[in-house]
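Dear colleague,

Here is the structure I said I would pass on. My notes on its helices follow below.

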Amino acid sequence: MAKPSLIIFVIVISSLPSFQSKPLPRFLGKFSRTSPHNSERRHQHSKPIQYETRYFPQNLDHFSFSDTPKLQQRYLVNSEHWVGPQRHGPIFLYCGNEGDILWFAENTGFVWDLAPRFGAMVLFPEHRYYGESMPFGSEEEAYKNASTLSFLTAEQALADFAVLITELKRNWSAEGCPVVLFGGSYGGMLAAWMRLKYPHIAIGALASSAPILQFEDIVPTETFYDIVSNDFRRESSSCFNTIKESWDALMTIGQKQNGLLELTKTFHLCRELKKTEDLADWLESAYSYLAMVCRRIDGCPDGTSTLERVFEGISVYYNYSGNADCFELEDTSDVGTDGWNWQACTEMVMPMSSSRDRSMFQTYDYNFSSFQDWCWKELNAKPRPTWITTEFGGHDIKATLKNLGSNIIFSNGLLDPWSGGSVLQNISQSIVALVTEEGAHHIDLRFSTKGDPDWLVEQRESEVKLIQGWLDEFYQEKKAAFDM
């Protein structure tokens, strides 16, 4: 079967300086400034969706009994297909990621496709400190300093979701309605963790492309970049070599007199380049997902320079609509770059490195000391690299999940570089790993199309059967309790 040519939920690399260990990969981001604006690309693969926008007052600190300020959490809700509380209609809750919840709602078509099939309500709560869910009245105040940012944690976000759904069910007289969690990438991690932390809140979770093992030394630090590089090498060895050689060419030109101006022109940047490292980070962002750029790189005529080939390749991502006049290196999208930098510098510490031989990226080692210094200098934050595994587990994950968990689907595609940090083997009958050879970053959560390959259709049907099984078991237990 032919390999799919898809633009999917894109992971990009945050612009931490080239000290060390290079920047840590981020989950999402968009950089191109299009003419007239970015909305065309944002909606290209979306279907029309309908929802009501509402707000819910959350405690700023769920784990304190002092009188803390309130946070107005935005959430989107659609009850068009819900069969209601009398029939115990299910509630499908997507765990909001590190960005504007509208973006995730528009790009998580699987949940919308399933709602009429199951008679379900759809709920998209926004993650605190992203989109419109800002404490202290504004983003400026919320991101003011380490003190105001201290309530931006995964634990607080999960508590938000738990409190929200509990209160909403009470208000709707829907206490007997089952909740199924969905999430992709960081949202997938939250979905899995919420199922483990709040098993009484939700009956199951679909955690798509959720790298819950990408912490400490659980997986090798070079895993992410090795997977990306292998994708490119499999697509084209000449493309792999072009990219690998381009870093030296980039640095050589950048050190020349007027070299930064030359690079600005070559890559059609909106503003003059200030340092070569910024351009290198921008290029790595596109490579983190699109092995299909090789078709453009290899298709350049003879005599095309290495960097000109690279520009043609990355234009597949950054100029996807074909309307980009120039490119911005800084992320101006609705994805919360600053918020994620805080999370990465506190508890979401994911060690990364790039090997000399296997990786097409610039070689670097993971250097926690340098990373720690940067976080303190820029954000006045001290990373706690072992906190996530202390709070949610990770070491000896098979035994932990087998003994303590149930009803979790870990779906992954092996083209996704984050798959190396996820659960790729079945743990038990109810904790299942659905792995596809050709799948990419939580592509199963996208809207279905007529052109979907057979393996993707089959993967989604497997997920539907498992979710149906959770609901059947829930209803059987309800009936048995009622009959007693």
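Helix α13 is largely enclosed by the rest of the structure, because ten of its 13 residues are buried. Please keep in mind that this is a predicted model. The buried residues of α13 are Leu307, Arg309, Val310, Phe311, Gly313, Ile314, Ser315, Val316, Tyr317 and Tyr318. The helix covers residues 306-318 and reaches 18 Å from its first C-alpha to its last, close to the 18 Å expected at 1.5 Å a residue.

I also looked at two helix pairs. Packed helices are described by the angle between their axes and the distance between the axes.

On the α6 side the contact involves Ala154, Leu158, Phe161 and Ala162, which meet Tyr186, Leu190, Trp193 and Met194 of α7. By class, this contact has eight nonpolar residues, with no polar and no charged ones.

The second pair is α3 (residues 109-118) and α18 (residues 454-483). Their axes come within 12 Å, with a crossing angle of roughly 50 degrees, and α3 and α18 are therefore oblique to each other. This crossing, too, is right-handed. From α3, Phe110, Leu114, Arg117 and Phe118 make the contact, and from α18, Arg460, Glu461, Glu463, Val464, Ile467, Gln468 and Leu471. The contact of α3 with α18 has six nonpolar, one polar and four charged residues.

Regards

Note on methods
Residues are numbered from 1 along each chain as its sequence is written. This is a predicted model: local features need pLDDT of at least 70, side-chain atom pairs count only at pLDDT 80 or more; totals for chains, interfaces and linings use all residues. Side-chain values use heavy atoms; hydrogens and water are left out. Contact means heavy atoms within 4.5 Å. Helices (H or I, at least four residues) and strands (E, at least two) are DSSP runs, numbered from the N terminus. Ala, Val, Leu, Ile, Met, Phe, Trp, Tyr, Cys and Pro count as nonpolar, Asp, Glu, Lys and Arg as charged, and the others, Gly among them, as polar. The expected span of a helix is 1.5 Å times one less than its number of residues. Buried means under 20% relative accessible area, exposed over 50%, partly exposed in between (1.4 Å probe, protein chains only). Axes are lines fitted to C-alpha atoms, for helices over the stretch in contact, and angles run from 0 to 180 degrees between N-to-C directions. Angles under 35 degrees count as roughly parallel, over 145 as roughly antiparallel, 65 to 115 as roughly perpendicular and the rest as oblique. A crossing is left-handed if the near helix is turned anticlockwise from the far one by less than a right angle, and right-handed if clockwise.
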